[in-house]
There are 2 protein chains.
Amino acid sequence: MPTARETRQLKHEVAAFKRRRLLEEASHLFFSNGYESTTLDAVAERLHVTKPFIYSYYKNKGELLAEICQIGIQQSLEALDWALAQGGSASSRLKLLVDKVAHIIIENQEYIVVYQREEKNLDPEDARRIRDMRHRFDLKVATLLEEGARGGEFEIGDAAMTANSISGLISWISNWYRPGGKWSPTEVVMHTIGLAMRMVTPTRA
Amino acid sequence: MPTARETRQLKHEVAAFKRRRLLEEASHLFFSNGYESTTLDAVAERLHVTKPFIYSYYKNKGELLAEICQIGIQQSLEALDWALAQGGSASSRLKLLVDKVAHIIIENQEYIVVYQREEKNLDPEDARRIRDMRHRFDLKVATLLEEGARGGEFEIGDAAMTANSISGLISWISNWYRPGGKWSPTEVVMHTIGLAMRMVTPTRA
């Protein structure tokens with residue numbers, strides 16, 4: 001028989017699973033039909049649950065949207081912090097972070113696109129908080145670029161603009177990558193690492 | 001006294017001017033308040049014109065949105081065709097096109113953002129037509145990259161993915177450039193040309 005502790009643990013896992021499924025299905029409806037045209041009734045119907053079930057997780061549709069919009073950047077920030085905490089050269093940390101974050105963009109493509117489209121529909125405070133996270137991401141990348149430049153590994157122009165462009169290079173994948181299409185996730189990630197490194201590697205005349 | 005021909009010419013210019021002002025103000029409202037929350041009454045009010053005046057240019061709000069969404073990519077395609085038609089090396093044509101298109105993105109930033117956000121609200125046929133234009137843009141860039149690679153000027157991995165990334169590098173400017181902010185349009189354009197060239201320039205070990 002499971003211990004009380006194991007039972008609690010399983011309950012947590014089930015709750016997290018339900019929450020994730022809710023986000024997935026809501027995001028899928030927002031992606032296909034737009035946020036404004038999607039009702040919580042439609043989300044409930046898709047999941048074969050009741051609306052009170054949804055309300056036990058989210059106060060309203062806006063809270064659901066905020067969480068969906070935040071997923072990509074939150075995971076990206078965590079991946080960035082992880083990559084920065086690794087030892088090794090600035091190049092190897094840049095490679096690690098582009099690798100991780102490009103995978104996150106590919107795996108969360110629908111969430112990223114919903115964020116790009118529906119930012120306008122976020123509660124202004126949520127919108128600001130998520131924008132701050134993106135800004136923090138770019139600042140940390142810029143700091144890494146400056147460190148690499150000081151050490152002679154990188155040759156860059158403006159570090160902040162280059163960081164914006166590297167973030168953009170990765171984020172833009174969500175606009176052209178097609179699951180099951182011409183290129184595998186690995187090909188897309190390798191391509192992105194290659195271009196990011198070219199953006200910072202010293203050029204020899 | 002102006003000739004009949006001069007009068008006709010002026011009439012055309014005035015009509016084009018009115019059309020442009022209409023697009024600007026409508027786009028501004030879509031940008032600030034979202035497409036769905038913006039009425040044609042609000043557009044008319046902002047321009048101090050009547051709704052029938054708007055209807056003399058556009059059948060409905062959807063037609064206005066389609067024209068707004070199309071502006072950036074249409075001008076970009078024209079700039080691309082112009083750049084490709086210039087003589088010179090593949091590098092010099094790539095530089096020219098990044099230069100022109102980056103300026104277009106900066107000058108039409110609001111239109112580009114409205115397109116990114118409101119693509120979902122386009123008539124499906126308009127959405128497809130504009131997506132086809134974007135695809136044509138990327139294909140032509142890929143062809144130029146392949147030409148440069150064959151001639152030894154460029155060293156690239158997959159030409160199509162690299163073209164997608166170069167388009168993304170330029171388009172992404174609309175997400176971080178701030179008019180009157182830290183960087184001038186020229187700085188942003190020069191930065192973008194520099195990174196695009198690094199993406200394709202042969203690396204020497």
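Q: How do you know where the charges of chain A lie on average, and how far apart are the mean positions of the positive and negative ones?
A: In this predicted model, the mean positions of the 27 positive and 27 negative charges of chain A are 2 Å apart, where Lys and Arg count as positive and Asp and Glu as negative, with His and the chain ends not counted, and where each charge is placed at NZ of Lys, CZ of Arg, CG of Asp or CD of Glu.

Q: What makes a set of residues a nonpolar core, and how many residues has the largest one?
A: A nonpolar core consists of buried Ala, Val, Leu, Ile, Met, Phe, Trp, Tyr and Cys residues joined through side-chain atoms within 4.5 Å, buried meaning under 20% relative accessible area with a 1.4 Å probe and protein chains only. The largest such core has 134 residues, and A:Leu97 and B:Leu97 have the most contacts inside it.

Q: How many of the residues of chain A, as a percentage, count as buried?
A: Of its 205 residues, 47% count as buried.

Q: Which helix of chain A has the highest confidence, and which the lowest?
A: By pLDDT, the predictor's confidence in each residue from 0 to 100, helix α5 (residues 90-107) is highest at a mean of 98, whereas helix α1 (residues 4-33) is lowest at 89.

Notes:
Residues numbered from 1 in each chain as written. Chains lettered and ligands numbered in written order. Predicted model: local features only at pLDDT ≥ 70, side-chain atom pairs only at ≥ 80, totals over all residues. Heavy atoms only, no water. Buried < 20%, exposed > 50% of the residue type's maximum accessible area, 1.4 Å probe, protein only. Helix = DSSP H or I, 4+ residues; strand = E, 2+ residues; numbered from the N terminus.
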